[in-house]
Amino acid sequence: MKRKTLALMGIVMTAILVLSGMVVASPPNRGTDTANAPPEFVEDLPESKLTKIVFIRYAPGFQKERPCDGDGVCGPDEKWQFCSDCSKPGGEEEKPTACYDFLAGSKPRWNWVEDYYYSDSTLENPSDSAVSTWEGATSGDIFGNGVSESNPWGVYDNKNAISFGNYEDPNVIAVTAIWFRGKNIYEYDIMFDTDYFPSSHIDLPTVVLHEFGHAAGLGDLYDPVCVDNVMYGYLSEDEVKTTLRDGGTAGIQTLYGEA
Ligand SMILES: [Zn+2]
């Protein structure tokens, strides 16, 4: 696919640094970021400098068991993902009025292009479709190419891993870990749970599109008015959402520009 301006900037900066006598030993497509500055292709960042968040996709129906007493106070047993009494942790702003949300208030996104690595051939086509769908809504490059190679989920290793596995919570159908700092995403790992896949009732392409939305920088939606959006946090059996609605399009274009 297309590696471009930013990658070229990285090569140019690397050349400049080498010429100026500095040692550059890191991959050219990784970068640091400082506050609101654009990404600099100087050095890699250790995991300790990054924020790691994990998005969990629960099984259909699971959310109905969540306790929400609706008393206007976020109780100790109430979860922000499920109860309107609770706001997002970390003091981040509440959900915008449109049906899109981000990983964090700084709107972290990909500012360079990296390939992703699928461990099972059945993940190749759904991943490719998800990438095409998200990238087709914007002029920006988000993802690189799919490569057949197994890598572990949840390990910060410069490999964006797409795999099947068994998360310890039996109610989980998919889980995405993302490492970011400031405006930059550094890595994501997506795992589809073998408790539910292969499945005849949970649409894998729909879940893949949702998880790649996280990988691009989008958050979950829990307002019922957003139910048709692929980033909606709940999923029903036999539900298929493989195209972007207005919210998904607006969200991805906020991060990467209009098509
Ligand atoms: Zn999600």
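1. Strand β2 (residues 116-118) is joined to β3 by three bridges, and the two run parallel. Y118 stands opposite S148 in β3. Two strands count as paired if DSSP finds at least two bridges between them. Helices (H or I, at least four residues) and strands (E, at least two) are DSSP runs, numbered from the N terminus.

2. This is a predicted model: local features need pLDDT of at least 70, side-chain atom pairs count only at pLDDT 80 or more, and totals for chains, interfaces and linings use all residues. Residues are numbered from 1 along each chain as its sequence is written.

3. The β2 and β3 pair belongs to an open sheet of six strands, in the order β1-β5-β6-β4-β2-β3, with mixed pairing. Its edge strands are β1 (51-58) and β3 (146-148), each pairing on one side only.

4. Helix α3 (residues 204-216) lies across β1, β5 (172-181) and β6 (184-193). It runs at about 15 degrees to β5. Axes are lines fitted to C-alpha atoms, for helices over the stretch in contact, and angles run from 0 to 180 degrees between N-to-C directions. Contact means C-beta atoms, placed from the backbone, within 7 Å.

5. Helix α2 covers residues 124-136. Its buried residues (20 or more other C-beta atoms within 10 Å of their own, with C-beta atoms placed from the backbone) include P126, V131 and W134. Their cover includes β2, β3, β4 (160-165), α3 and α4 (246-256).

6. The protein chain has four helices and six strands. Buried residues make up 34% of its 259 residues.

Technical notes: Two residues are in contact if their C-beta atoms, placed from the backbone, lie within 7 Å. The expected span of a helix is 1.5 Å times one less than its number of residues. A residue is buried if 20 or more other C-beta atoms lie within 10 Å of its own, exposed if 12 or fewer, and partly exposed in between; C-beta atoms are placed from the backbone.
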